[in-house]
Amino acid sequence: MSGMAGDIFGMVAVGIGAAALIYAAAHALRKAGVKVAGWILPAFIGLSMLSFTIWNEYSWYSRVRAQLPDTVEVLQTGTGGKAWRPWAFVIPMVNRFAVIDRAAVNEGVDGLQRGEVLFVERWQPTRSVTLDFDCAGSRLRAVSDETASEWRSGSADPAFAAICRKGS
């Protein structure tokens with residue numbers, strides 16, 4: 001299970017675990033003669049679920065990045081908040097990034113190199129674009145089904161820099 005369904009399942013599991021823990025603790029306290037307020041159980045469950053959700057959101061990028069091979073280079077990251085994640089407006093979190101696997105770049109004709117840039121976004125399918133890199137000419141172009149777009153300057157492109165930098 002992955003994606004949003006896995007996140008929801010994890011949040012519910014944390015809520016159930018928190019409920020069991022606080023219920024057992026409240027029961028033991030009552031047996032010991034300590035009065036426990038009725039709002040403690042739902043408040044603790046809600047706080048546990050919210051804490052898990054925030055942790056899950058902020059650790060997503062580092063967990064996904066740790067699963068990638070060492071040959072994969074992160075080109076750019078993106079942040080952003082949503083109405084249902086207001087904390088992300090205050091403390092931005094990475095929710096999308098672009099990568100290229102330098103080991104999967106192939107030598108093409110006329111000294112060109114061809115590689116695929118992957119665009120990974122939280123709860124979205126991964127998208128990709130195939131690029132031709134002309135390191136000598138300092139240019140690149142997108143390629144799809146053997147049809148290519150016009151060449152454009154690669155000087156400001158992070159994918160071009162990752163593939164064509166000196167010493168690579």
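Biologist: How many residues line the second largest pocket, and which lie nearest its centre?

Modeller: Bearing in mind that this is a predicted model, the second largest pocket is lined by 13 residues, and those nearest its centre are Asp7, Met11, Thr53, Glu57 and Trp123. The elements contributing two or more residues to that lining are α1 and α2.

Biologist: What volume does the second largest pocket have?

Modeller: The volume of the second largest pocket comes to about 220 Å³.

Biologist: Where is Trp123 found, and is it buried or partly exposed?

Modeller: Trp123 sits in the loop between β4 and β5, and because its relative accessible area is 28%, it is classed as partly exposed.

Biologist: Let's turn to the helices. What span should α1 have, and what are the numbers in the model?

Modeller: With 29 residues at 1.5 Å a residue, α1 should span 42 Å, and the C-alpha atoms at its ends are 42 Å apart, so the two values agree. Just after α1 comes Gly33, which takes a positive phi of about 90°.

Biologist: Which residues of α1 are buried, and what do they pack against?

Modeller: Asp7, Gly10, Gly15, Ala18, Ile22 and Ala26 are the buried residues of α1, and they pack against α2.

Biologist: And how many residues does α2 have, and how far does it reach?

Modeller: Helix α2 runs over residues 40-67, which gives it 28 residues, and from its first C-alpha to its last it reaches 38 Å, close to the 40 Å expected at 1.5 Å a residue.

Biologist: Where does α2 bend?

Modeller: The bend is at Ser59 and amounts to about 50°. Ser59 also belongs to the buried residues of α2, together with Ile45, Ser48, Phe52, Asn56, Glu57, Trp60 and Tyr61.

Biologist: What covers those buried residues of α2?

Modeller: The cover includes α1 (3-31) as well as the strands β1 (72-79), β2 (94-101) and β4 (113-121).

Biologist: Take Ser48, then. Why does it count as buried, and what is it in contact with?

Modeller: Ser48 has a relative accessible area of 17%, and the cut-off for buried is under 20%, so Ser48 counts as buried. If its neighbours within four places in sequence are left aside, Ser48 is in contact with Val14 and Ala18, and Ala18 is itself one of the buried residues of α1.

Biologist: New topic: which cysteines form a disulfide?

Modeller: The structure holds one disulfide, formed by Cys135 and Cys164, whose sulfur atoms are 1.9 Å apart. Cys135 lies in the loop between β5 (127-134) and β6 (139-144), whereas Cys164 lies in helix α4 (residues 158-164), so the pair ties together parts that are 29 residues apart in sequence.

Biologist: Is that disulfide left-handed or right-handed, and why?

Modeller: It is left-handed, because the torsion about the S-S bond of Cys135 and Cys164 is about -70°.

Biologist: Which of these labels, buried or partly exposed, goes to Cys135, and which to Cys164?

Modeller: Cys135, at 28% relative accessibility, counts as partly exposed, while Cys164, at 14%, counts as buried.

Biologist: Last one: where is Ser138, and what is its phi?

Modeller: Ser138 is in the loop between β5 and β6, and its phi is near 55°, a positive value in a residue other than glycine. With a relative accessible area of 31%, Ser138 is partly exposed.

Key
Residues are numbered from 1 along each chain as its sequence is written. This is a predicted model: local features need pLDDT of at least 70, side-chain atom pairs count only at pLDDT 80 or more; totals for chains, interfaces and linings use all residues. Side-chain values use heavy atoms; hydrogens and water are left out. Helices (H or I, at least four residues) and strands (E, at least two) are DSSP runs, numbered from the N terminus. The expected span of a helix is 1.5 Å times one less than its number of residues. The bend at a residue is the angle between axes fitted to the seven residues ending there and the seven starting there. Buried means under 20% relative accessible area, exposed over 50%, partly exposed in between (1.4 Å probe, protein chains only). Contact means heavy atoms within 4.5 Å. A disulfide is a pair of cysteine sulfur atoms within 2.5 Å. On a 1 Å grid over the protein atoms alone, a cavity is a set of points where a 1.4 Å probe fits but cannot get out, and a pocket is an open set with protein on both sides within 12 Å along at least five of seven lines; lining residues have an atom within 4 Å of a point. Grid points are joined across faces, edges and corners, and a volume is the space filled by probe spheres set on the points.
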